[in-house]
Amino acid sequence: MNFRPADDTSASANALEIKGISKAYGRFPALKDVSLQAKDKEFLALLGPSGSGKTTLLRVLAGLEQPDAGEVRFAGEDFLSLPVRRRKVGMVFQHYALFRHMTVAQNIAFGLTVRKRSEKPSKSEIADRVAHLLQLVQLEGLDKRFPSQLSGGQRQRVALARALAIEPKMLLLDEPFGALDAQVRRELRRWLRELHDRAGVTTVFVTHDQEEALDLADRVAILKDGQLIQLGTPNQVYEHPATPFVFDFLGQACRLPGVVSGERLRIADWETAAPEGAPQGAVEVFFRPDEVEFAPADGQGLAAQVLGVAQRGPDVRIDCQVEGAPMELQAHGPSLPPGVSPGQAVRIKPLRPQVYAAG
Amino acid sequence: MNPTIRLPGLAPIFLALTLALLGVLIVLPLGVVFQQAFAKGFAAYLEPLTQPDALHAIRLTLLVAAISVPLNAVFGVAAAWAIARFEFKGKSLLVTFIDLPFSMSPVVSGLVWVLLFGAQGWFGPWLQDHNIKIIFATSGLVLATVLVTLPFVARELIPLMQDQGADEEAAALTLGAGGWTTFWRVTLPNIKWALLYGVLLCNARAMGEFGAVSVVSGSVRGLTTTLPLHVEVLYNDYEFVGAFAAASILASLGLVTLVIKTLLEWRHSGELSASRRH
């Protein structure tokens, strides 16, 4: 089941190496033998539905959870033997976990003020650093506010500044945009990516939002039920999902049963070239609802009956009946593809079908 | 906030009933205490309070509270922390045991110490041999008070700490803080008002406790009588002005507690679990 891409990098380029991590809560296995790597300064997304173990894995990296088995190395160092406070990871919690009784400035300075006397910067150095970070997260002038007096987006940036204050070796973000509304999310996303590129730290972030992961990350690790299903660049995982689950999770999916024999894929009465590496025999065929070509009823493709069409912003939704099952297809508007109108029989050709062994 | 719902015709009846009961059961007796205390004038009020026995009772009450309240505060914080932050076997049993003094008669809380440390108790002979006095002595009063007031601080802190979660502490750890630093700089500031609230209620109970301490005290005048016991002793001796004068101190203490409690609830309601529970 586990799909791992060919090791295209030498081991030394991997800043973070996670090997065979397992963790169970009582009888519930949260992580099952998870192995993955992140390169230096890489932006890695842990993507999965709730209960997939992504947050547990992040907390293992932070040192807030001890795994039952496995190994975590960062820059060659055995991370699991280090206590939380010596790992120097900057963690941003899902609900930010700002210190509610401290001002913004005190929150950001916290990591510096708790250092040993010999390593503690002077008061003016701390003040300078806080001012610099406030500028970096664009919160100048809010230093004397308390967390309760900030908006969600502002709190998130304070949390980020606080994590960056300790000059972390690695940044860990737990659903960094989870509690924000769509508009703020999108703005912060770009900004966070720029910040990561400028700060130059390896970053691991957890999300259940596939769009966010694909948009932000250098590489995406997809988890399900505590297992790593696929690890790859956003393009790799989107174009070549390793399993039906990944296909389904990364976007809308249309599915039909089919049969592969030799080089040919057969769906109902239509035959086409099978994708490379397709399994033989009964398969499930997956394709995206917008990666479809329409043809007249006497042309090539799968027989379909158009039930209705609806304009959906820039796209057009086309409700069809394909092989006796309802299917929602999409075309890019504003005009309908030629020959498509309600009540009309057409033929459809999935442009890039993915096939998986049935069952 | 719940929306108000009016049940036609019932509101005036319930209101009148409540006010009548409050008047008869609380305001009236409280008024009587002060009226009786001052019945023979201010000088007569002060006189019994300046008696050596009375002064000793006041000092003893303060001493017992000064020992048992901090003990309970420490216990309460430790227990609440353990319960709110860790999963362990027997956790619900521990929570139940913390509540036990609330549901048990205070007399029993006194009797257990007599059973353990009294002359005929399990450790009685050993204590006698080593010349240690617990029953009929200050240490017994402290033990009985600690047991009775055990739940106050813990009960106040547990729901609050469970509600706040451990994320801030986890954040402090990732930022490089050690265990103690995290406790002093993150945990304690977050619970300080709730802790104060619990300590306040605990203190009121500690100073006013009668049942448990009366069992272990033996009511030796000028030696083991706390203020509430002193009131009883005077009353039984028909020294009504003295009894009510002492009672008025306890009543005032209750009123002061009430004022501070209300202030806390008003200013820091968000940080008290009590205001959410009630």
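In this predicted model, A:Leu16 stands opposite A:Phe74, a residue of strand S4 of chain A. The two strands concerned are S1 (residues 14-25) and S4 (residues 69-74) of chain A, which run antiparallel and are joined by five bridges. In general, the strands of a sheet pair through backbone hydrogen bonds, in either a parallel or an antiparallel manner.

The pair belongs to an open sheet of four strands in chain A, with the order S2-S1-S4-S5 and antiparallel pairing. Which strands stand at the edges? They are S2 (28-39) and S5 (77-78) of chain A; each has a single partner strand, so one side of each is left without a neighbour in the sheet.

**Chain A as a whole**

Chain A has 359 residues, of which 40% are buried. Its secondary structure comprises eight helices and 20 strands. Along the principal axes, the C-alpha atoms of chain A fill a box of roughly 80 × 45 × 35 Å. Of the contacts in chain A between residues at least 6 apart in sequence, 66% join residues at least 24 apart.

The domain assignment divides chain A into domain 1 (11-248) and domain 2 (252-357). The C-alpha centres of domain 1 and domain 2 of chain A are 40 Å apart. Where these domains of chain A touch, domain 1 contributes five residues and domain 2 contributes five residues. On the domain 1 side of chain A, the residues in contact with domain 2 comprise three nonpolar, one polar and one charged.

**Two loop residues with positive phi**

A:Lys41 is not a glycine, yet its phi is positive, near 65°. A:Lys41 is found in the loop between S2 and strand S3 (43-47) of chain A. Is A:Lys41 exposed or partly exposed? It counts as partly exposed, because it has 14 C-beta neighbours inside 10 Å.

A:Gln138, likewise not a glycine, has a positive phi of about 55°. Its place is in the loop between helix H3 (123-136) and helix H4 (152-165) of chain A. A:Gln138 is exposed, because 11 other C-beta atoms lie within 10 Å, and the limit for an exposed residue is 12 or fewer.

**The nonpolar cores**

The largest nonpolar core has 104 residues, and those with the most contacts inside it are A:Ala45, A:Leu172 and A:Ala221. Helix H4 of chain A gives the most to this core, with seven residues. Domain 1 (11-248) and domain 2 (252-357) of chain A each supply at least three residues to this core.

What does A:Ala221 contact, leaving aside its neighbours within four places in sequence? Its partners are A:Leu36, A:Leu44, A:Ala45, A:Leu46, A:Leu47, A:Leu228 and A:Leu231. Another core, of 57 residues, lies apart from the largest one; among its members are B:Leu157, B:Ala243, B:Ala245 and B:Ala247.

**The contact between the chains**

The contact between the two chains takes 18 residues from chain A and 15 residues from chain B. On the side of chain B that touches chain A, the elements giving two or more residues are helix H9 (167-174) and helix H10 (179-208) of chain B. H9 of chain B gives the most to this side, with seven residues. By class, the chain B side has eight nonpolar, five polar and two charged residues.

**Confidence in the prediction**

The table gives the pLDDT of each chain.

| Chain | Mean pLDDT | Residues at 70 or more |
|---|---|---|
| Chain A | pLDDT 89 | 96% of residues |
| Chain B | pLDDT 87 | 97% of residues |

Among the elements of chain A, confidence is lowest in helix H5 (residues 182-199), at a mean of 85, and highest in strand S9 (residues 219-224), at 96. In chain B, the lowest is helix H14 (residues 274-277), at a mean of 48, and the highest is H9, at 94.

In chain B, the pLDDT is below 50 over residues 274-278, a stretch with five contacts in the model beyond near neighbours in sequence. In chain A, the pLDDT stays under 50 over residues 1-12, for which the model has 12 contacts beyond four places in sequence. Where pLDDT is low, the predicted coordinates should not be read in detail.

Terms used. Residues numbered from 1 in each chain as written. Chains lettered and ligands numbered in written order. Predicted model: local features only at pLDDT ≥ 70, side-chain atom pairs only at ≥ 80, totals over all residues. Domains from an automatic or database assignment. Contact = placed C-beta atoms within 7 Å. Nonpolar A, V, L, I, M, F, W, Y, C, P; charged D, E, K, R; others polar. Pairing = 2+ DSSP bridges. Buried ≥ 20, exposed ≤ 12 C-beta atoms within 10 Å, placed from the backbone. pLDDT = per-residue confidence, 0-100. Core = buried A, V, L, I, M, F, W, Y, C linked by C-beta atoms within 7 Å.
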